[in-house]
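Colleague: I'm new to this one, could you walk me through it? I'll ask as we go.

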Amino acid sequence: MSRISEAVKADHALITDAYHAISSAEPEDRYSMKNKFIWTLDRYLRVEDLVVTPALEQHLTKHGHQRRQRLSDDFESINSKLRHMQRFDPAQESFNSSLHAIWVDLEPHVLEEERSDLHRLEDNISETESTELSNKYNRIKDMLQKPYGKDGAPDSRILSAILEMPREDLIVKLGLTDKTSDFFPDNVEETNAEDTQPRNDKEEAIIVSTIGDSDPIDPRNWPLAARCKNIAILFCLIFAQGYSAGAESMANADAAKEYGVDSALEALSTAMYLFGMGSGALFAGPLSETFGRSPVYLTSTFCYLFFVLGSALRPAFGVHVACRYFVGLFASGTLGSNGSSVQDQFSFVGRTFAFPVIAWANVAAPVIAPIAGGWIIADPDLGWHWTEWVTLAISGTAFLISFLFLPETYLPKLLDWKAEHLRRLTNDQRYVSAHARDLQQKSFAQRLKTRLSLPLKFIHTESVITVLGVYLILLYTLLFTFLSGFDQIFRQAHDLSEGQTGACFGTLAGGATSFMLAVPGLYLWARRREARLTSNTQDANATLEPEFRLYPGFVAGPLLPVALFWLGWTDVEMIPMWSVLGACFLFGLVLMALYTSSYGYIVDSYGVHAASALSAITMLRYIIAGGMAIGTRPLFTVPGFGVKWTMTVLGGVAVVLAPAPFVFWKMGPKLRKKSA
């Protein structure tokens, strides 16, 4: 009959051998060893926590309680690292780092037990008691191992759920109690048989949440490479659907000629896209906060592809315009609230770098599309409908990549899945996430009504949304006025071809891209500011105020009217075209800076409701910009008004809005305290 110290040391030897085996194995051999190692170590931690630590507390009267607490802390630390390691591919360097981190915690634990704890325990109990503890130890270990065979291990899905299972649930699962005097009931098999029935206890629900700030289920704790991959995929999806906004902008004249309508009426195609975006944006954020980010992105993109195809098939004018509306409607699923995906995965400082990447795709794609569109239209063998075929090819590729590789990043949805795993594993239906419980308490219609009311409520009650909405309405009115009016700005004054006119859009894209040069500096500045704040407050979780996002707006706000007046008053034949191109470059830079500043401020101000806040402001800017795009297009051709006075009027509005970033810097904290 073995003693408890011998049983524990046997497991120590088993774990040590398993660690050295997997750490020295070739990457391709680790796949078959990974689950076995994690399971062996987790099983040991759980059995020791159920048998050895209570015995130490009971029999080492002087330091037993402190020692049990220390061991429990060790177990929690190692278990957390196991959960972290379980997500990595064994061929990744991150797997090696996690494996080493586990051993750093485990090795001193093993040495201290063998040199001190087990000796003191054996000195304070009889041989019979030691044998009984050993039997309990081995018996529980056998019970845990039984479902997987003598040398087997759970598969990755089950292992993930086991790693998340609290100790209390394992006690219930095995038919144990937490009292050392009644630690192992005689009729274990009978107790287990009863426990296999699903529990629907009327007790209070067990709310599943994250385990500390470093919980690996939180997307912000995922490896940086994985988060960068997600942002790159989302970038492709945003770029493809933003590209569709400007794909036809150079085709106005050709399309109007084919359909037999006035070229101003053909601008309705762009306006209907904007109306579709605005009306769809109302749903995008609330739906993503209900069903998760990826389902909304993928479902809406799948539908969007059919209407891009419809636009490309040369339908009648009315059908074409209707297709453009639905292209915008379903593009809003991605374009309406994509900033919330950045908020899901990055901290305040990380968003300083990540959000401008997403913002560039939103801003630059509509002005890059006309560059390609101009040369497509100029080719007599292609024609203007090929602008839609190119859009379909780009969007289809982005959709396929996203379908295969874009994971869910909305933490409440991930906690839903975690709760589902725990319910399956424990047969206890009380496990539920706060998000799922909220969904269960209301019907789908009630949930949708509540969620859809949020954007409207933000518009009505939040001055932040209202003022920044007006700012972005102006920017998008200008942007889409350019898309439909560039032929007036460049073709008439400077006699350019379609291809050359489309190429002029490159200055807008160049200006937007030039802002990206400032992003590393903003990132380093944010890191230093947050480090100083953490040091001053002694709070590791301290973050900067959202007003930090307004700094780019301080510079860009006053430059917006400069760009508009510059463009309007120098677009004449006697002044070289380079002047107008310079104004367009400046406008591209300002557009990118104000977009990043405004959206970053909203995301940081509204936190978990950022998607709904973004939906509100997106709806405002697209619907009103759509109407303005129709209204301002004819102004370019009105005698005595033209480009000069159209830009002057819009520049005057920009002068009024220029102080907005400074006002929010001063009043923002007070406004956010009054937030509804």
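Colleague: How many helices and strands does the secondary structure of the protein come to?

Modeller: The secondary structure comes to 28 helices and 2 strands, where helices (H or I, at least four residues) and strands (E, at least two) are DSSP runs numbered from the N terminus. This is a predicted model, in which local features need pLDDT of at least 70 and side-chain atom pairs count only at pLDDT 80 or more, while totals for chains, interfaces and linings use all residues. Residues are numbered from 1 along each chain as its sequence is written, and side-chain values use heavy atoms, with hydrogens and water left out.

Colleague: And what share of the residues counts as buried?

Modeller: Of the 676 residues of the protein, 55% count as buried, meaning under 20% relative accessible area, with exposed being over 50% and partly exposed in between (1.4 Å probe, protein chains only).

Colleague: Can you give me an example? Where does valine 327 lie?

Modeller: Valine 327 lies in helix H14, residues 317-335, and because its relative accessibility is 1%, valine 327 counts as buried. Leaving aside neighbours within four places in sequence, valine 327 is in contact (heavy atoms within 4.5 Å) with Ser244, Tyr273, Tyr304, Phe307, Val308 and Ser311.

Colleague: Switching to rings, how many aromatic pairs does a search of the whole structure find?

Modeller: The search finds 24 aromatic pairs. Rings of Phe, Tyr and Trp (its six-membered ring) pair if their centres lie within 6.5 Å, and planes under 30 degrees apart count as stacked, over 60 as edge-to-face and the rest as tilted. The ring centres of phenylalanine 239 and tyrosine 243 are 6.3 Å apart and their planes are at 40°, so this pair is tilted.

Colleague: Which helix are phenylalanine 239 and tyrosine 243 in?

Modeller: Both lie in helix H9 (residues 224-246), 4 residues apart, which is about one turn of the helix, and both phenylalanine 239 and tyrosine 243 are buried.

Colleague: Which residues do ring pairs link into a cluster?

Modeller: Phe348, Trp525, Phe548, Tyr551, Phe554, Phe662 and Trp665 are linked into a cluster by ring pairs. The charged end of arginine 549 sits over the ring of phenylalanine 348, 3.8 Å from the ring centre; for this, NZ of Lys or CZ of Arg has to be within 6 Å of the ring centre and within 35 degrees of the ring normal.

Colleague: Which residues are closest to the centre of the largest cavity?

Modeller: Of the 14 residues lining the largest cavity, Arg351, Thr352, Pro356, Arg549 and Thr596 are the closest to its centre. Helix H16 (348-378), helix H24 (551-570) and helix H25 (577-606) each give two or more residues to this lining, and H25 gives the most, with 5 residues.

Terms used
On a 1 Å grid over the protein atoms alone, a cavity is a set of points where a 1.4 Å probe fits but cannot get out, and a pocket is an open set with protein on both sides within 12 Å along at least five of seven lines; lining residues have an atom within 4 Å of a point.
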